[in-house]
Amino acid sequence: MRGPSANSIEQEDIDLIERIAHGDRGAFERLYRSYFPRLAQFLRRLVWDGPLSEEIINDTMFVVWTKAQTYNGQSKVSTWIFAIAYKQGLKALSRVDTPVEMDMETMVSDELVEPEHQLSETQLRRHIGGALERLSFEHRTVMTLTYFHGMSYEEIADTMGCSINTVKTRMFYARQKLKVFLSAYA
């Protein structure tokens, strides 16, 4: 049995946004529950701070609630919401005065790994997590949206409010920096 298609999910999101624009709290709650896990994963990888990421999610969803009527359908609903989250994340980081710390528990998979591979996999995840942490916010965003959320460069450009060429350039430099950061691990 197959799950819902991407088109039906997108149409459901559009319907929810339209209902939210008319003040439907049930539609908002449904959209919030649907997007919370994805936004939490996205933001934890960007800000490395669980409580801050939850604050950003709440700020993001407040904007969705108050600005749903401005959604114009020029991008996917998910792209629109992730763009709001990205902008809210930038605002939040500009207000933060303390160093950002990485929560290693969010980086370690819950999957069961054979015992002989678990140690090396954990070490690799820590090295990758540490390398990602060293990237700039923009480079980390491009990497996270591409590899953890499966967004296309066009969707990332819409989310970040920049050109596709800028996304490609950021990805190029992010990969180059990761290669240098991870060379010590190899």
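Helices here are DSSP runs of H or I with at least four residues, numbered from the N terminus. Keep in mind that this is a predicted model, where local features need pLDDT of at least 70, side-chain atom pairs count only at pLDDT 80 or more, and totals for chains, interfaces and linings use all residues. Residues are numbered from 1 along each chain as its sequence is written, and side-chain values use heavy atoms, with hydrogens and water left out.

Ala 27 belongs to helix H2, while Gln 88 lies in helix H4 (residues 77-95). Both entries below are buried (under 20% relative accessible area, with a 1.4 Å probe and protein chains only). Contacts mean heavy atoms within 4.5 Å, and residues up to four places away in sequence are not counted.

| Residue | Relative accessible area | Touches |
|---|---|---|
| Ala 27 | 0% | Leu 16, Arg 19, Ile 20 |
| Gln 88 | 12% | Ile 56, Asp 59, Thr 60, Val 63 |

Now for how H2 packs. Helix H2 (residues 25-47) meets helix H7 (residues 137-147) at an angle of about 150°, and their axes (lines fitted to C-alpha atoms over the stretch in contact, with angles from 0 to 180 degrees between N-to-C directions) are 9 Å apart. That makes the pair roughly antiparallel (over 145 degrees). On the H2 side, Phe 42, Arg 45, Leu 46 and Val 47 take part, facing Phe 137, Arg 140, Thr 141, Thr 144 and Leu 145 of H7.

Terms used
Helix = DSSP H or I, 4+ residues; strand = E, 2+ residues; numbered from the N terminus. Parallel < 35°, antiparallel > 145°, perpendicular 65-115°, else oblique. Buried < 20%, exposed > 50% of the residue type's maximum accessible area, 1.4 Å probe, protein only.
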